[in-house]
Amino acid sequence: MKLTSLRTRTLIATLIILFGLVGFLLFFTYTIIGHGFQVLEERIVQEHVQQAANALYDSLASLDRTTNDYAIWDATYAFVAEPDLAYVNDNFAPTTFSNNNLSYVAVVNTAGAVVYAHATDLASEQEVAPPAELAHFTGANARLLQHDDPNGHLSGVVVLADGPMLLAARPILTNQGAGPARGTLLMGRRLDAREIARLAAIIRMPLTVRRLDDSSQPPAPQQAALASTAEQPNGVIPRDNQRISGSTRIADIFGQPGVLLQVELPRDVAQLGQEVTRQYGLVLLGLGLLFGVLVFWLIERVVLARIITLNAQVAVVDASHPDVQVTVTGRDEISQLGSAINQMLVRLGHAQQQLVENERRYRQIIELSPDPIIVHDGRHIQYTNTAGARLLGLGAATTAHGQPLDATIGALIPPRDDTPLRVERVLLPPDGEAIEVELVVLSLHDQEHESIQVLVRNITARKQIEQALRTAKEAAETANRAKTQFLATMSHELRTPLTSIIGYADLLNEMFADTSDHEVRQHLKRIRSAGAHLLVIINAVLDITRIEAGRMHVQAVPVTLAALLHLVTDSIQPLVERNGNRFEIANCAAVDTMETDEVHLRQILINLIGNACKFTHAGLITLTVTMLPGKAGAASDDVSFAVRDTGIGIHPDQVARLFHNFVQVDASLTRKYGGTGLGLALSRRLASLLGGSLTVTSTPEVGSTFTLTVPRKLRVAATPAWILDFGLLQSETLAKQ
Ligand code: ADP
């Protein structure tokens, strides 16, 4: 992008504003002052035109007065009645004409007959024929004999074939102005060159008189005639730059278009106007330029020069000049900007230092990393740490740049996003044996470069450990399977002789029922009790091993809840009574039937209630049955059996271990209460077989609640996942004991 300097742009803007303003002012000046001078010129011309008209009307008035003098006179009065030559000779001698500036005199009687008419050419002082247009006073001319005006006054211009003439008509009366009028006296004065020159001399300016009906006029008067109208008789037309003409229409004595008086004046006012506006414009332009220069100088001094200096100083700031500060002058926004830039530069310097320090630290970490890190562009190495150089057999890391890349590493292309690609490979370093490695490949890209970072982790040892673990696990699993098999066989083998021992103990008991040897009876009782206890343990172990081996089957049958609870109550009654406890059932279930494995369900419940009875003394044991909504996706609702007691409770630390095989809370308790530590473990596994769960909440010295939750309808008899690692767990527990 082409950079236009701030100074040039400001200068251009200042010039545009300046010339725009000056142009605007000049335009208004020329328009307003020019128009003012034009109006003034027109007014002056019209005043002069009016002067010319006034001179003409003055001439007409003097003609009228002369006519009046002769018309109201007994001699003329008598002459009309009896014309005689003496009157004519006395009163209308050539001197009368020349003295009064008369071109024409006519005496007309009331009948319209011309009693006397005489015309003279004043220039040559020769008699000429009276105008033919005034030979008769009929038609339009009859108007000249009518005197509607109380003074009998009638005067005006008549346009004759050979030129216009001023004409006055007065009724002929006696000296006293008494009538009746015997006729009309008409006197005329030709508007010839002589008269026009006289009028021009009076008004002291060139005067032209034109007939309004004259088509042979030059264009200017024609335009002047057009410029004036009946309503606006005065017209003004500039002839050229030097002269202007004004004109006025004078109607004839009959009210028809008569003559046009035209004066011509030098255009002094217009020229003065032009001169004034020209000088004003020059002054304006000069002032504009002066102010423009001043404004630009001020902007340059106050703003531009400082910003340009600031810009030049900021331009040299880079990493190599971290300490550069810009010069701050004045106390305004620019100085604030300078201060802000300086603060920014200080922060930039700190950030730069931090950056360098961070980079040094990270470089050190990477350099010291035992894992090789290699950055490449697909074909050549761009960077590698010492471990990387060693792996690739390149000697020092500093010489690695630009070296060709190992084919295995170079072939890996990671995704373009920030997700690393993780692959395991076997590498054959140039100097050693094959190693197993995990390669973490990441795409690095900035605006200019694309590169790939590879982190190489030697996983040979890990792989060996994993292999060893796998082997050990397989061995353990084999051993566990053998142990399970052994336990199942052993339990079975033990049960057969044990049943015989219990049977014979019962037989001996009956045989010695009546003996008085108390000691023998006690021994037999102990044999019977120990045998029975051992059988319980063996049965439990057998059940657990069966479940573990996947040989414990469940069978869903219709179960009536009431019957089930009845059976359970019957079974545990002796246990309840043994410790002086009370047992209550709260059946809150909305349904009465279930479809599940009744034997296992009963086994769990008896076990839980048995435990509750065992660890409670003179307390209350409750079994509460409720319906719960089934888990998401389950075919039926769940039935919950909660066994609550008010016994010794269990410490929170022990709760988690309760369901492990052979686990009892406390050894002292074992001595006191007996038991195998298998009941809860078996119950939980049976609960799982029924598709349910077994949980516990307990407070020491307050009581425990064991809650069994099973689906109302047993659906699938799948082998639960815990069975797979159950054997391991069991073997651990056994080992501890
Ligand atoms: P045991 O045959 O020893 O009772 P269990 O697996 O049934 O084996 O129980 C394991 C241990 O859990 C018991 O020894 C006892 O310490 C504790 N326990 C079980 N039920 C209760 C209970 N209702 N109140 C207190 N402790 C209990």
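Tutor: Happy to. Let's begin with Thr 709, which touches Leu 628, Asp 638, Val 639, Ser 640, Gly 692 and Ser 693 once residues up to four places away in sequence are set aside; contact here means heavy atoms within 4.5 Å. Thr 709 belongs to strand S22, residues 703-711. Helices (H or I, at least four residues) and strands (E, at least two) are DSSP runs, numbered from the N terminus. With a relative accessible area of 15%, Thr 709 is buried, where buried means under 20%, exposed over 50% and partly exposed in between (1.4 Å probe, protein chains only).

A word on the source: this is a predicted model, in which local features need pLDDT of at least 70 and side-chain atom pairs count only at pLDDT 80 or more, while totals for chains, interfaces and linings use all residues. Residues are numbered from 1 along each chain as its sequence is written, and side-chain values use heavy atoms, with hydrogens and water left out.

From there, step to Gly 691, in the loop between helix H17 (679-689) and strand S21 (693-699). Gly 691 is partly exposed, at 38% relative accessibility. Leaving aside neighbours within four places in sequence, its contacts are Pro 711 and Leu 714. Pro 711 is 20 residues away from Gly 691 along the sequence, yet their C-alpha atoms are 6.6 Å apart. Helix H17 spans residues 679-689, and Arg 684 lies over the face of Phe 659, 3.8 Å from the ring centre. For such an arrangement, NZ of Lys or CZ of Arg must be within 6 Å of the ring centre and within 35 degrees of the ring normal.

Two other arginines are worth a visit. Arg 267 sits in the loop between strand S10 (257-266) and helix H7 (268-315), and at 13% relative accessible area it is buried. Beyond four places in sequence, Arg 267 is in contact with Glu 41, Pro 238, Asp 240, Asn 241, Gln 242, Arg 243 and Ile 244. With Glu 41 there is a side-chain polar contact of 2.8 Å; a polar contact is a pair of N or O atoms within 3.5 Å, and within protein one must be able to donate a hydrogen and the other to accept it, with residues adjacent in sequence counting only if both atoms are side-chain atoms. Arg 243 is 24 residues from Arg 267 along the chain, and their C-alpha atoms are separated by 5.0 Å. Arg 170, in strand S5 (residues 163-171), is buried at 8% relative accessibility. Its side chain makes a polar contact of 2.7 Å with the side chain of Asp 64.

Now for the aromatic rings. A search of the whole structure finds nine aromatic pairs. The ring centres of Phe 27 and Phe 28 are 5.8 Å apart with the planes at 90°, so this pair is edge-to-face. Phe 27 is exposed at 52% relative accessible area, and Phe 28 is partly exposed at 39%. Tyr 87 and Phe 92 are also edge-to-face, at 5.6 Å between centres and 80° between planes. Tyr 87 counts as buried at 5%, and Phe 92 is buried at 5% too. Rings of Phe, Tyr and Trp (its six-membered ring) pair if their centres lie within 6.5 Å, with planes under 30 degrees apart stacked, over 60 edge-to-face and the rest tilted. Ring pairs also link Tyr 70, Trp 73, Phe 79, Tyr 87, Phe 92 and Tyr 116 into a cluster.

Asn 101 has a positive phi of about 60° although it is not a glycine; it lies in the loop between helix H4 (94-100) and strand S1 (104-109) and is buried at 11%. Glu 125, also not a glycine, has a positive phi of about 55°. Its place is the loop between strand S2 (114-121) and strand S3 (126-128), where Glu 125 is exposed at 57%.

Finally, the whole chain: it has 18 helices and 22 strands, and 37% of its 737 residues are buried. Of its contacts with a separation of 6 or more, 60% join residues 24 or more positions apart. The average pLDDT, the predictor's confidence in each residue from 0 to 100, is 84, and 89% of the residues score at least 70. Over residues 717-737 the pLDDT is below 50, and this stretch has 27 contacts in the model beyond near neighbours in sequence.
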